[in-house]
Amino acid sequence: MKIASWNVNSLKVRLPQVLDWLAEQRPDILAMQETKLTDENFPADEIRAAGYEVVYAGQKTYNGVAILSRVPGNDTVRDLPGLDDDPQRRLLGATYGDLRVLDVYIPNGQEVGSEKYDYKLDWLEKLRAYVAAQLQQYPRLILLGDYNIAPDDRDVHDPEAWREQILCSTPERAAFKALIETGLHDSFRLFPQEEKVFSWWDYRAAGFRRNAGLRIDHVLVSDALKDRCRASYIDTAPRRLERPSDHAPAVAEFDL
């Protein structure tokens, strides 16, 4: 089973690339973030024509999450407990057989110490509590998406330049660690990896060409899935396309 996460940074713009990637890579599940589409404008027909079921939660211009799957899901959730009245569409969950999939687009935070940074840390704490509860109900759980956190210096092209900056600050990394401590594992770090492998590169200053990136897209897996994970990697090919997303897909493969 191949399961992937991809911040597409506007599905309206990137739909042809997503459809091509689905045809080439044939994932069983693809979790997307930053679809930036209202539900009534979501291209569900095109995705179903490609052989995928889809659930989605969107809003105009910003955010938006979706899960594409080979088989239908159930037990869908679209709100993070404690933020039920929050209009930002950042979480989507569904169950496929005995596999629970939670797709998250964690807030960026804008700047350390800002109001948006405080919102991010609060969001992460609510997510930690929710994941802990979900793991009690669903031992086979995958939490994947754009975390907007580089967990440690290995995930940063220039650690000194990013020291205590947004995406790399100590409180953000502590929040990521707290998620891990609920009973999850960073699938990427289950395997030997080359140095300086990233999933996001700024559009500016030739960030991708210089590999000036961060690894902020993650596939976290529960204890019950850890030993069934056979590979975890970043597929940088879509980032080389014309008019790409600034993110590349994070992919994990399992014996399930």
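Is Lys196 buried, partly exposed or exposed? Let's start there. This is a predicted model, so local features need pLDDT of at least 70. In it, Lys196 has a relative accessible area of 45%. Buried means under 20%, and exposed means over 50%. So Lys196 is partly exposed. Where does Lys196 lie? Look in the loop between strand E9 (184-186) and strand E10 (200-201). Lys196 is not a glycine, yet its phi is positive, near 55°.

Gln110 is another residue to check. Its phi is positive as well, about 65°, and Gln110 is not a glycine. You will find Gln110 in the loop between strand E7 (99-105) and helix H3 (115-137).

Now the open sheet. Six strands build it, in the order E3-E4-E2-E1-E14-E13. The pairing is mixed. Which strands stand at the edges? They are E3 and strand E13 (229-234). Each has a single partner strand, so one side of each is left without a neighbour in the sheet. On average, neighbouring strands here are turned by 10° against each other, direction ignored.

Strand E1 (residues 2-7) runs parallel to E2, and five bridges join them. For one of the partners, go to Asn7: its bridge partner in E2 is Gln33.

Next, strand E6 (residues 91-96). How many of its six residues are buried? Six of the six. In a regular strand, side chains alternate between the two faces of the sheet. In E6, both faces are covered. Leu91, Gly93 and Thr95 are buried on one side. Leu92, Ala94 and Tyr96 are buried on the other.

E6 has pairings to follow. Strand E5 (residues 74-77) pairs with E6 in the antiparallel sense, over two bridges. There, Asn74 has Thr95 of E6 as its bridge partner. E6 and E7 also run antiparallel, joined by six bridges. Ala94 sits opposite Val101 in E7. E6 and E7 make a hairpin, with two residues between them. Gly97, in the turn, has a positive phi of about 65°.

On to the nonpolar cores. The largest has 27 residues. Which residues have the most contacts inside it? Ile67, Ile142 and Phe254. Zoom in on Ile142. Leaving out residues up to four places away in sequence, Ile142 touches Phe254, along with Ile3, Leu99, Arg100, Val101, Leu102, Val219, Leu220, Val221 and Leu225. There is also a second, separate core of 21 residues. Among its members are Val104, Ile106, Tyr130 and Leu135.

Last topic: aromatic rings. The count comes to four aromatic pairs. I will show Phe42 with Tyr56, then Trp201 with Phe208. Why is Phe42 with Tyr56 called stacked? The ring centres are 4.1 Å apart and the planes meet at 5°. Planes under 30 degrees apart count as stacked, so this pair is stacked. Phe42 lies in the loop between strand E2 (29-33) and helix H2 (44-49), and Tyr56 in strand E3 (residues 53-57). The pair therefore ties together parts that are 14 residues apart in sequence. Phe42 and Tyr56 are both buried.

Trp201 and Phe208 form an edge-to-face pair. Their centres are 4.9 Å apart, with 85° between the planes. Trp201 is buried, at a relative accessible area of 1%. Phe208, at 22% relative accessibility, counts as partly exposed.

How values were computed. Residues numbered from 1 in each chain as written. Predicted model: local features only at pLDDT ≥ 70, side-chain atom pairs only at ≥ 80, totals over all residues. Heavy atoms only, no water. Core = buried A, V, L, I, M, F, W, Y, C linked by side-chain atoms within 4.5 Å. Buried < 20%, exposed > 50% of the residue type's maximum accessible area, 1.4 Å probe, protein only. Contact = heavy atoms within 4.5 Å. Phe/Tyr/Trp six-rings, centres within 6.5 Å; stacked < 30°, edge-to-face > 60°. Helix = DSSP H or I, 4+ residues; strand = E, 2+ residues; numbered from the N terminus. Pairing = 2+ DSSP bridges. Axes fitted to C-alpha atoms, helices over the stretch in contact; angles between N-to-C directions.
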